[in-house]
Amino acid sequence: AHKTAAGAISAPVHVSKEGMAVRRQDLSDDEGSTDEASEGSPLDQLLAPLSALGHDPGMVPVLLVGVAMLAVGTVAGMLAEGWSWITALYVTAQIVTTVG
């Protein structure tokens, strides 16, 4: 177990091949050893949770709203401010993600 910044104890987490996060202590022997973190490239491990998005029908409207917000903001920036499409997309992404 590891201590988090808030002082809570959390079990190490493993991302399964299906993209689901499970605690290492919950892994069964049929999935192999608990040292599977070395399996696959770091990029595969990073993108594994994203593969689950395609299997969840509830995520489709969320993704569509996000894409629509970026598209509308980009077009608005191009028309109202005279920005290039890449500048308008960049500024819109900053605003939508509250980065800027």
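1. Helices (H or I, at least four residues) and strands (E, at least two) are DSSP runs, numbered from the N terminus. Just after helix 2 comes Gly82, with a positive phi of about 75 degrees.

2. A word on the source. This is a predicted model, in which local features need pLDDT of at least 70 and side-chain atom pairs count only at pLDDT 80 or more, while totals for chains, interfaces and linings use all residues. Residues are numbered from 1 along each chain as its sequence is written, and side-chain values use heavy atoms, leaving out hydrogens and water.

3. Now the whole chain. The protein chain has three helices and four strands, and their order along the sequence is β-β-β-β-α-α-α. Of its 100 residues, 13% are buried (buried means under 20% relative accessible area, exposed over 50%, partly exposed in between, with a 1.4 Å probe and protein chains only).

4. Which residues does Thr74 touch, leaving aside its neighbours within four places in sequence? They are Trp85, Ala88, Leu89 and Thr92, where contact means heavy atoms within 4.5 Å. Thr74 is in helix 2, and it counts as buried because its relative accessibility is 10%. Its side chain also reaches the backbone oxygen of Leu70 at 2.6 Å.

5. Val75 is found in helix 2 and counts as partly exposed because its relative accessibility is 45%. Ala71 lies in helix 2 as well, and its 41% relative accessibility makes it partly exposed. Ala71 and Ala93 are 22 residues apart in sequence, with 9.9 Å between their C-alpha atoms.

6. Finally, please look at the surface. Val75, Met78, Leu79, Trp85, Ile86 and Leu89 form a nonpolar patch there, with about 610 Å² of accessible area together. Helix 2 (59–81) and helix 3 (85–96) each supply at least two of the patch residues. Patches are made of residues with over 30% relative accessible area and no salt bridge; like charges are joined within 9 Å, and nonpolar side chains (Val, Leu, Ile, Met, Phe, Trp, Tyr) within 5 Å. A salt bridge is a side-chain nitrogen of Lys or Arg within 4 Å of a carboxyl oxygen of Asp or Glu. Accessible areas come from the Shrake-Rupley method with a 1.4 Å probe; for residues, only the protein chains shown count as cover.

Note on methods: A polar contact is a pair of N or O atoms within 3.5 Å; within protein, one must be able to donate a hydrogen and the other to accept it, and residues adjacent in sequence count only if both atoms are side-chain atoms.
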